[in-house]
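Work through the exercises below with the sequence and the structure at hand. Try each task before reading its solution.

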Amino acid sequence: MNFSEAIFEARRNLADADNALFFMADLKCLPFRDDFADFLYCLGVLHHLPTPALQEVRMLSRYAPQLLIYLYYALDNRAMHFRMLLAAATLLRGLLSRIHGALARKLITELLMWMAYLPCIALGHLLAPLGLGRYVPLYEGYHGKSLSRIRQDVYDHFFTRIEQRFSRQQILQMTDTFQEIVISDGIPYWHFLCRR
């Protein structure tokens, strides 16, 4: 398992917090006892694992009675043109994720941000006063976001080999593990709360 260096960034960002502990561990073999926490959250991780993400959610339920999870969604609440663009982006990601050079990745990230993401966001911004911004891919998720945030998401989407996506219906099928699953109707889709 490759461990993320993000934990060190989190430690720097929360250096003044006296109630934060940081652990680097394999998600498949966490060094914690069952129900060690009242609440656990996992945002933007499970959909990049080589194992089924919903099964990982089920496994995490042993550590806390409540979980907040964010998984990439299958655009099941969007128009067909959103799903067609996702299919094209998925094909492109299959090619780009094989590139390992840092400079090449940086240049491609900038190109995709300036030539694809930002024009869509700008078009959505122009159409928003007419109530049409929501029909423009990327607009709702990125309007008002910083360039560094958009840049990071472009990099994550195109240089990560594994990207699992889930429909609302698939998430709701986890009632075999959870008594209650509350899926947010707001952005980001789909983030959801599970209660045992």
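Predicted model: local features only at pLDDT ≥ 70, side-chain atom pairs only at ≥ 80, totals over all residues.

**Exercise 1. Cysteines**

Solution: 
- Step 1. Recall the bond in question: a disulfide is a covalent bond between the sulfur atoms of two cysteines.

**Exercise 2. Buried or exposed?**

Task: Decide whether Cys29 is buried or exposed, and do likewise for Cys42.

Solution: 
- Step 1. Note the limits: buried means under 20% relative accessible area, and exposed means over 50%.
- Step 2. Cys29 has a relative accessible area of 58%, so Cys29 is exposed.
- Step 3. Cys42 has a relative accessible area of 9%, so Cys42 is buried.

**Exercise 3. Aromatic pairs**

Task: Classify the pair of Phe36 and Tyr63, then the pair of Tyr117 and Tyr142, and place each residue in the chain.

Solution: 
- Step 1. The structure holds nine aromatic pairs.
- Step 2. The ring centres of Phe36 and Tyr63 are 6.0 Å apart with the planes at 70°, so this pair is edge-to-face.
- Step 3. Phe36 sits in the loop between helix 1 (6–13) and strand 1 (39–43), while Tyr63 sits in the loop between helix 2 (53–60) and strand 2 (66–70); the two are 27 residues apart.
- Step 4. Phe36 is partly exposed at 33% relative accessibility, whereas Tyr63 is buried at 5%.
- Step 5. Tyr117 and Tyr142 are also edge-to-face, with 5.6 Å from centre to centre and 65° between the planes.
- Step 6. Tyr117 belongs to helix 4 (residues 102–127) and Tyr142 to helix 5 (residues 139–142), so their pair ties together parts 25 residues apart in sequence. Both tyrosines are buried.
- Step 7. Phe36 and Tyr63 form one aromatic cluster with Phe23 and Phe32.

**Exercise 4. Surroundings of Arg78**

Task: Describe where Arg78 lies and which residues Arg78 is in contact with.

Solution: 
- Step 1. Arg78 is in the loop between strand 2 and helix 3 (80–96).
- Step 2. Its relative accessible area is 14%, so Arg78 is buried.
- Step 3. Leaving aside neighbours within four places in sequence, Arg78 is in contact with Tyr73, Arg83, Arg134, Glu140, Ile187 and Tyr189.
- Step 4. With Tyr73, the side chain of Arg78 makes a side-chain polar contact of 3.2 Å.

How values were computed: Residues numbered from 1 in each chain as written. Heavy atoms only, no water. Buried < 20%, exposed > 50% of the residue type's maximum accessible area, 1.4 Å probe, protein only. Phe/Tyr/Trp six-rings, centres within 6.5 Å; stacked < 30°, edge-to-face > 60°. Helix = DSSP H or I, 4+ residues; strand = E, 2+ residues; numbered from the N terminus. Polar contact = N/O pair within 3.5 Å; in protein donor to acceptor, adjacent residues only side chain to side chain. Contact = heavy atoms within 4.5 Å.
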